[in-house]
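Trainee: I would like to go through this structure with you, a few points at a time.

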Amino acid sequence: MHTEPTKPKSQWLSKLFPQWAHIHIDQLEQKWIAVSLAAVALFVGVITLDALFHGINPPSKVETIDSASLHLSKEFAEDNLGVQVDGQGNIIVRMVAGRYSFFPKHIDVPAETPLTFRWVSMDVLHGVHIPMTNMSTMIVPGYVAEITTSFPKPGDYPLLCNEYCGLGHNHMWSNISVIAKENWTAPTKPAATGGTSHE
Ligand SMILES: [Cu+2]
């Protein structure tokens, strides 16, 4: 019968960290250690499950690009920016952030449809945030930031820069027009991989 409360060491803590077995840790402290470890385990678990089953990853999957020569790159050359539909029917939106705007200035996208945004910066660190969606990412020079999102309702959505990028930062915003799925027509643009014809 070991019901006396004179055993100060917690079983689980001294089992987990035998080298701490001689340290006195208060019962209440042990409970809070357990609570904080459980919280960390919960958050790591949620992140892991999201990454594995929902495909949620950090926006920049370490895809690099030379920010100084975006205009010469095939993908982010001026002609190739904006909304495109690839061979599999996925809608890809390519945009460039630069002091102090997002380019192209205006795009139309369909509502209730997954849209893959690919962002690059032409100069310094920018961010992009669209309120009421999950779109919020840093746009780090030298890296491509990719986010897939969808807009539940038609309307004009603001596009804000949320990383301080210079004196014009607070003017750095624009709009995306989201139109009803049935009214949207895919833009007829040349294939995304072309794009050097104007050189
Ligand atoms: Cu900015």
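Trainee: Where is Tyr100 found?
Mentor: Tyr100 sits in the loop between β2 and β3 (101-103). Strands (E, at least two residues) and helices (H or I, at least four) are DSSP runs, numbered from the N terminus. Residues are numbered from 1 along each chain as its sequence is written. This is a predicted model, in which local features need pLDDT of at least 70, side-chain atom pairs count only at pLDDT 80 or more, and totals for chains, interfaces and linings use all residues.

Trainee: What joins Arg99 and Tyr100?
Mentor: A cis peptide bond, with omega about -5°. Phe103 and Pro104 are also joined by a cis peptide bond, again with omega about -5°. Pro104 belongs to the loop between β3 and β4.

Trainee: And Glu112, buried or exposed?
Mentor: Glu112 counts as exposed, having 12 C-beta neighbours inside 10 Å. A residue is buried if 20 or more other C-beta atoms lie within 10 Å of its own, exposed if 12 or fewer, and partly exposed in between, with C-beta atoms placed from the backbone. Glu112 lies in the loop between β4 and β5, and its phi is near 55°, a positive value in a residue other than glycine.

Trainee: Which residues touch the most other members of the largest nonpolar core?
Mentor: Ala97 and Trp119, in a core of 30 residues. Such a core is a set of buried Ala, Val, Leu, Ile, Met, Phe, Trp, Tyr and Cys residues joined through C-beta atoms within 7 Å.

Trainee: What does Trp119 touch?
Mentor: Leaving out residues up to four places away in sequence, Trp119 touches Met95, Ala97, Val128, Thr137, Ile139 and Ala145. Two residues are in contact if their C-beta atoms, placed from the backbone, lie within 7 Å.

Trainee: Changing topic, how many residues of α2 are buried?
Mentor: The number is zero, so α2 lies largely in the open. Helix α2 covers residues 27-53 and reaches 38 Å from its first C-alpha to its last, close to the 39 Å expected. That expected span is 1.5 Å times one less than the number of residues.

Trainee: What pLDDT does the chain average?
Mentor: The average is 82, and 86% of the residues score at least 70. Over residues 192-199 the pLDDT is below 50. The score is the predictor's confidence in each residue, from 0 to 100. Where pLDDT is low, the predicted coordinates should not be read in detail.
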